[in-house]
Amino acid sequence: MITKRKIRYLLIESSAPIDVTKRAVSEELSRNLILFLGELTNYRANPHINSQIGEKVFLLRINRGFEREVLAALATIKKSGGVESGFYTLKISGTAKKLITFYRRHIFLDAGQVPSKSRT
Amino acid sequence: MGDPLKYYDLSYLSNIEESLVTRLGYKKIFVIGKDVHLINQPEPSERKTIIRSNDPKKIASALRNNNTIGVLFEDNLLLKKAIEEAGNNDKLVFLSLSDLMDKDPVRTSRNMSRIRTIMAFARKFGAEIAIATFATRQADLTSAMQAIALGELLGVSIDESRKALSAIGEYLDN
């Protein structure tokens with residue numbers, strides 16, 4: 001029997017440019033999350049970096065039901081890769097596609113760039 | 001269905017981009033030192049002020065001034081009389097989210113329990129709570145969603161937390 005995955009995606013913007021594809025950066029972020037959440041809640045929430053979609057924007061995947069704890073934990077992280085940076089959670093959704101569409105319509109345009117006309 | 005709540009924040013930063021304020025979910029981020037002033041003792045002035053002190057007499061005296069909109073406790077030390085005074089005068093009890101973002105986890109957890117206690121007494125005496133980041137740098141800012149989540153973790157319901165984030169607007173957004 002295939003059980004449905006219950007997941008939430010968080011659209012996160014950093015105050016400074018960040019490259020979450022680098023192992024050192026993603027490990028530091030994980031360590032900081034464990035520091036606030038504790039090992040047990042971190043295991044239950046299971047936060048994972050999903051993808052980087054902009055210079056300062058990335059998606060974080062967590063288990064449903066732990067949004068409040070992870071939001072609060074991200075608010076307390078003030079450093080990444082040796083650089084002072086805050087993490088702002090802009091939106092939560094059940095699908096990554098909705099967040100990417102939101103990013104292209106709102107954040108991308110704010111940066112003064114024009115999104116391509118291809119379908120998302 | 002009524003209007004959705006509008007959220008506000010207080011920070012020391014004066015050059016935050018409008019687009020960032022919107023993305024974070026706030027209607028406006030008020031600037032300390034420009035829209036509102038933090039004072040250590042009561043003063044007769046025309047400007048909007050927040051009293052920041054641990055002296056109950058100074059706080060009580062300042063809260064009687066119409067232009068003082070609320071009180072922020074230094075080191076989050078509980079002063080029951082001051083909270084009761086704030087409740088009687090319809091003033092806000094401010095809680096700083098920056099105190100929850102300390103590098104030292106011992107200080108952070110101590111601040112958390114103190115803030116929880118202040119919240120409980122504010123509820124008991126009918127004083128309205130206002131939460132704000134009091135950010136001194138861009139990294140200290142949080143989105144409205146995160147501020148509400150932090151409020152919830154400190155022991156208030158989601159509705160109370162949302163109300164606490166929009167309370168400042170009644171006093172400053174005219």
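Visitor: Which residue's side chain meets A:R8 in a salt bridge?

Guide: Look for a Lys or Arg nitrogen within 4 Å of an Asp or Glu carboxyl oxygen. In this predicted model, A:E67 is the partner of A:R8, at 3.7 Å from N to O. The pair links distant parts of the chain: A:E67 belongs to helix α2 and A:R8 to strand β1, 59 residues apart.

Visitor: Is A:R8 buried, exposed or partly exposed, and why?

Guide: Buried means under 20% relative accessible area and exposed over 50%. A:R8 has 25%, so it counts as partly exposed.

Visitor: What about B:R137 and A:E84, where do they lie?

Guide: Their side chains form a salt bridge at 2.6 Å, N to O. B:R137 sits in the loop between β7 and α5 of chain B, while A:E84 is in strand β5 of chain A, so this pair joins two chains. B:R137 is partly exposed at 27%, and A:E84 is partly exposed too, at 43%.

Visitor: How many salt bridges does the structure hold over all chains?

Guide: There are 10. Among them is B:E43 with B:R47, whose closest N and O atoms are 3.1 Å apart. Some link up as well: A:R68, A:E69 and B:E152 make a network.

Visitor: Now helices. Where is the kink in α6 of chain B centred?

Guide: On B:L165, with a kink of about 35° in a helix that covers residues 158-172. B:L165 is also one of the buried residues of α6(B), which include B:A164 and B:I168.

Visitor: What covers those buried residues of α6(B)?

Guide: The cover includes strands β1, β2, β5, β6 and β7, along with helix α5, of chain B.

Key: Residues are numbered from 1 along each chain as its sequence is written. Chains are lettered from A and ligands numbered from 1 in the order in which they are written. This is a predicted model: local features need pLDDT of at least 70, side-chain atom pairs count only at pLDDT 80 or more; totals for chains, interfaces and linings use all residues. Side-chain values use heavy atoms; hydrogens and water are left out. The bend at a residue is the angle between axes fitted to the seven residues ending there and the seven starting there. Helices (H or I, at least four residues) and strands (E, at least two) are DSSP runs, numbered from the N terminus. Buried means under 20% relative accessible area, exposed over 50%, partly exposed in between (1.4 Å probe, protein chains only). Contact means heavy atoms within 4.5 Å.
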